[in-house]
Amino acid sequence: MGEEEEEEEEEESSNSMCILPELLEEIFIRLPLKSILRFRTVSKHCRSLLESRRFSEKRMSLQKNRRILAAYNCDCGDRPRLLTESRFEGDEEIVYLHCLASRPSLSCDGLLCFPEQDWIIVLNPSTRQLRRFPSGLNHKCRFGFGLWSSFSPEKWAIGFGRDKVTGSFKVVRLCFFFREIGQEEPVLECGVLDVQTGVWSKLSPPPHVVNPGSKSVCVNGSIYWLNFEVGEYCKLLALDLHKQEFNRIPLPATGLGATKETLIVNFEEHLAYVNTSKLPEWRLDIWSMDNTDQKQWSKTFSIRLELKVVAWRRKNRWFTPVAVSKQGNLVFCDNQKRLFKYYPGTNEIRCLSLDTYVISPYSENLVSLPLKPSHQYPHLSVETRMSRCRLFSKESSSSWIFQALRRNEFSILEIVFTSLVVAGYICLPRM
């Protein structure tokens, strides 16, 4: 009987087909996001491959579709998550995140960071993973004097970005407070949170104070803040996330002074200095910094804004570039939830939407956020709260597999491949 069983096992193994890891990666990398998330449950090797940094970065580099992440405004208090269906405004695909539109957020490579009073929340919309980390503030920052008498996240200077060497996402917190009433110089408390380890570490203070609440941007492994000072020109501060060193960056010679409408953004993987001027005419000017030489800036767009774009509200208006289409057209938005597209060839501006709260450009990122082994991450919280919003009530009532079957969401490739693996005709490499 032993010999017969061995012969049967040899026949079964001879009938099975073993796929090389390199070929398996090329197959998976071309699948849609939903298919990849399902294949993570097929085997340990599939999960290890699909959650690896190499696979995530390679898939992001091959993404051709440019999409925009916008807020689907809802005050239900439920955890933020992507809606299942997107919408097109002209040629631009809008992906919606179910959240409160006014909620402060930072974005980097498809991940979002929401600073709160006691927590730093990091969300990967693609994988639906949400992690909460303690803010790491001491009582002096939370209940100080003067500027800090009323505590809120807007009184920090926060940064969120990705270390280009290690690939780890990090949150930077700069706190400025006064120990005593009447103290001239504020005390700086600076820290950096490694999202992968869940640990805060101290950071050497920057060369100058950063405006509390000023929005930051991450480009090529560095976080940038634009700081305004009374009676002085604005300053651009950079923090290299890997070296954890601050540097001052010269601003472009625009010939115009910076105003409250001046912004810095990540524009096509370059740091962009964006200025909205009102006199002698409404104009949007965009300068991009050279990634190899931080002293070199070049003007990429100079757009004369038509009266219909700005006429109905002339005060407190600013515009933010979002992306450049394949045809070289500029997609930009304003602070009044309007989305535009500029066509350089005809010098024409079209309004795509009158009610779109743009968060950032969106790219799918499969990077996994850490789980919660109590011995390793004692302060990390994983939010598993059931949905309270009626928008997702049906989704929480049954598992994803029954919903997918009901909607016919499985592709032919998923069904065939999974069936062959289960039947033993395809042999996956073992861990």
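What share of the contacts in the protein chain with a separation of 6 or more comes from residues 24 or more positions apart? Such residues account for 55% of these contacts, where contact means heavy atoms within 4.5 Å.

This is a predicted model: local features need pLDDT of at least 70, side-chain atom pairs count only at pLDDT 80 or more, and totals for chains, interfaces and linings use all residues. Residues are numbered from 1 along each chain as its sequence is written, and side-chain values use heavy atoms, with hydrogens and water left out.

**Overall make-up**

There are 10 helices and 28 strands in the protein chain; helices (H or I, at least four residues) and strands (E, at least two) are DSSP runs, numbered from the N terminus. Of the 431 residues in the protein chain, 47% are buried. Buried means under 20% relative accessible area, exposed over 50%, and partly exposed in between (1.4 Å probe, protein chains only).

**Nonpolar cores**

A nonpolar core is a set of buried Ala, Val, Leu, Ile, Met, Phe, Trp, Tyr and Cys residues joined through side-chain atoms within 4.5 Å. In the largest one, of 32 residues, those with the most contacts inside it are Val122, Phe160, Val171, Val172, Leu174 and Trp225. Elements giving two or more residues to this core include strand E8 (119-124), strand E10 (157-162) and strand E11 (169-177). E11 provides the largest share, six residues. A second, separate core has 18 residues, among them Ile286, Ile303, Leu305 and Phe340.

**Helix H5**

Helix H5 (residues 53-62) has Phe55, Ser56 and Arg59 as its buried residues. Seen down the axis of H5, these fall within an arc of 100° (taken from the directions from the helix axis to the C-beta atoms), so they line one face of the helix. They pack against helix H2 (21-28), helix H3 (33-39) and helix H4 (44-50). Arg54 and Ser61, on the other side of H5, are exposed.

**Cysteines**

Zero disulfides are found in a search of the whole structure, a disulfide being a pair of cysteine sulfur atoms within 2.5 Å. The closest cysteine sulfur to that of cysteine 218 is in cysteine 108, 4.1 Å away, too far for a bond.

| Residue | Relative accessible area |
|---|---|
| Cysteine 175 | 0%, buried |
| Cysteine 218 | 7%, buried |
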